[in-house]
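Hello,

Here is the structure I promised to pass on.

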Amino acid sequence: MARTESQSNEKFAGRWFWRYASPATFFPLAGKIELLCWVLAIVLAAVGLYMGFFVAPTDAQQGEVYRVIFIHVPAAWMAMVIYLAMAFWACTGLVLGTRLSFMMSHALAPTGAIMSVVALWTGALWGRPTWGTYWVWDARLTSTLILFFLYVGYMALAASFDDKKKGDRASALIALVGAINVPIIYFSVKWWNTLHQGSSVRPGSSSMATTMLTAMMIMTFAFWAYCIAAAMHRLRTEIIERERNAAWLKEAVKEAIK
Amino acid sequence: MIWESWGAFWDMGGRGFFVWGSYGALAIAIVAELVALKRARTAALKALQEENDL
């Protein structure tokens, strides 16, 4: 049965998320989300660091160096989660043609790249005293390095087109194809014999002391909040760049500088 | 406090270099990102104002 355009518009009009697919509507909401997330990030990081350094006990096997875990694991998780989010918005942009989706994807990439660098760097510094080496070409480490290169490739490709729409579509393809690397990273410690340890956190059971685990989870939420805040800030900048001739934005800036 | 002294805290059981090297790198990364965010916003607003004679 063929649907008329007005029918399908009616169908979408009742859905709140379609309203927010417009940059003009999402711009102020993104600002509110950003502010909330900065506050959450600061509070959660303060609590998480306090717990991590002053409540969590010394590890029986590793001594104090294990305290790197409170930033290493959250950074590694965020590097993977952000890539998946980036691929999701790239896919949404390709399928629906919504320009805000591509902008969302671009806004996430630099923060994801930073998270992958932090995961690699802290992992190297943790590996030296515990494994005796900063780096080894094992499956977990190598696939995480590839994740970093995928972020860099995505950003380079998106920036290399004068026509932003072409850049959106080309980079979205890298984001989508590269997404296959994320489950490879995640399961690498199961699929291959790696120097990297298996996961200490599993649903229902965990091999970590309660205070260590709590501190790590609070730090994880702090990282989530930080990444969302940074991405929202970058998204708003991207909207200002791309919509600089839109009447609503000109009005908003006029109001702000008055 | 679980540390005998602040000296023991900074020493991290002899692993201070690795622990603080990790946290220090994260701090540098965050500051660098915040500076980049601020710069990009300023540039975007400037371009918008110039283009629209605001």
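Of the 54 residues in chain B, 11% count as buried. Please keep in mind throughout that this is a predicted model. Chain B has two helices and zero strands, and its C-alpha trace spans about 65 × 20 × 10 Å along the principal axes. How does its radius of gyration sit beside that of a compact globule of 54 residues? Such a globule would come out near 10 Å, but chain B has 21 Å.

Now to chain A. In this chain, buried residues make up 38% of the 258 residues. The C-alpha trace of chain A spans about 65 × 40 × 40 Å along its principal axes. You will find 10 helices and two strands in chain A, and the order along the sequence is α-α-α-α-α-α-α-α-β-β-α-α. If you take the contacts in chain A with a separation of 6 or more, 76% of them are between residues 24 or more positions apart.

Where do the two chains meet? On one side there are 30 residues of chain A, in contact with 25 residues of chain B. Four helices of chain A each supply at least two residues to the side that touches chain B: H4, H5, H9 (210-242) and H10 (247-257). H5(A) gives the most, with 10 residues. Sorted by class, this side of chain A has 16 nonpolar, six polar and eight charged residues.

Helix H4 (residues 69-96) of chain A packs against helix H5 (residues 99-131) of chain A at an angle of about 160°, with the axes 7 Å apart. An angle over 145 degrees counts as roughly antiparallel, and H4(A) and H5(A) are therefore roughly antiparallel to each other. Their crossing is left-handed. As for the residues of the contact between H4(A) and H5(A), 20 are nonpolar and 10 are polar, with no charged ones.

Two residues are worth a click while you have the model open.

One is A:Leu108, which is placed in helix H5 of chain A. Is A:Leu108 buried or exposed? A:Leu108 has 29 C-beta neighbours inside 10 Å, so this residue counts as buried. Leaving aside neighbours within four places in sequence, A:Leu108 is in contact with A:Ile82, A:Ala85, A:Met86 and A:Ala231. A:Cys227 is 119 residues away from A:Leu108 in sequence, yet the C-alpha atoms of the two are 8.1 Å apart in space.

The other is A:Gly167, in helix H7 (residues 164-178) of chain A. A:Gly167 counts as partly exposed because 17 C-beta neighbours lie inside 10 Å. Not counting residues up to four places away in sequence, A:Gly167 touches A:Leu157, A:Ala158, A:Ala159, A:Ser160 and A:Phe161. Between A:Gly167 and A:Leu157 there are 6.6 Å in space, C-alpha to C-alpha, at a separation of 10 residues in sequence.

Happy to go through any of this with you.

Best wishes

Methods
Residues are numbered from 1 along each chain as its sequence is written. Chains are lettered from A and ligands numbered from 1 in the order in which they are written. This is a predicted model: local features need pLDDT of at least 70, side-chain atom pairs count only at pLDDT 80 or more; totals for chains, interfaces and linings use all residues. Axes are lines fitted to C-alpha atoms, for helices over the stretch in contact, and angles run from 0 to 180 degrees between N-to-C directions. Angles under 35 degrees count as roughly parallel, over 145 as roughly antiparallel, 65 to 115 as roughly perpendicular and the rest as oblique. A crossing is left-handed if the near helix is turned anticlockwise from the far one by less than a right angle, and right-handed if clockwise. Ala, Val, Leu, Ile, Met, Phe, Trp, Tyr, Cys and Pro count as nonpolar, Asp, Glu, Lys and Arg as charged, and the others, Gly among them, as polar. A residue is buried if 20 or more other C-beta atoms lie within 10 Å of its own, exposed if 12 or fewer, and partly exposed in between; C-beta atoms are placed from the backbone. Two residues are in contact if their C-beta atoms, placed from the backbone, lie within 7 Å. The radius of gyration is taken over C-alpha atoms; the globule rule is 2.2 Å times the number of residues to the power 0.38.
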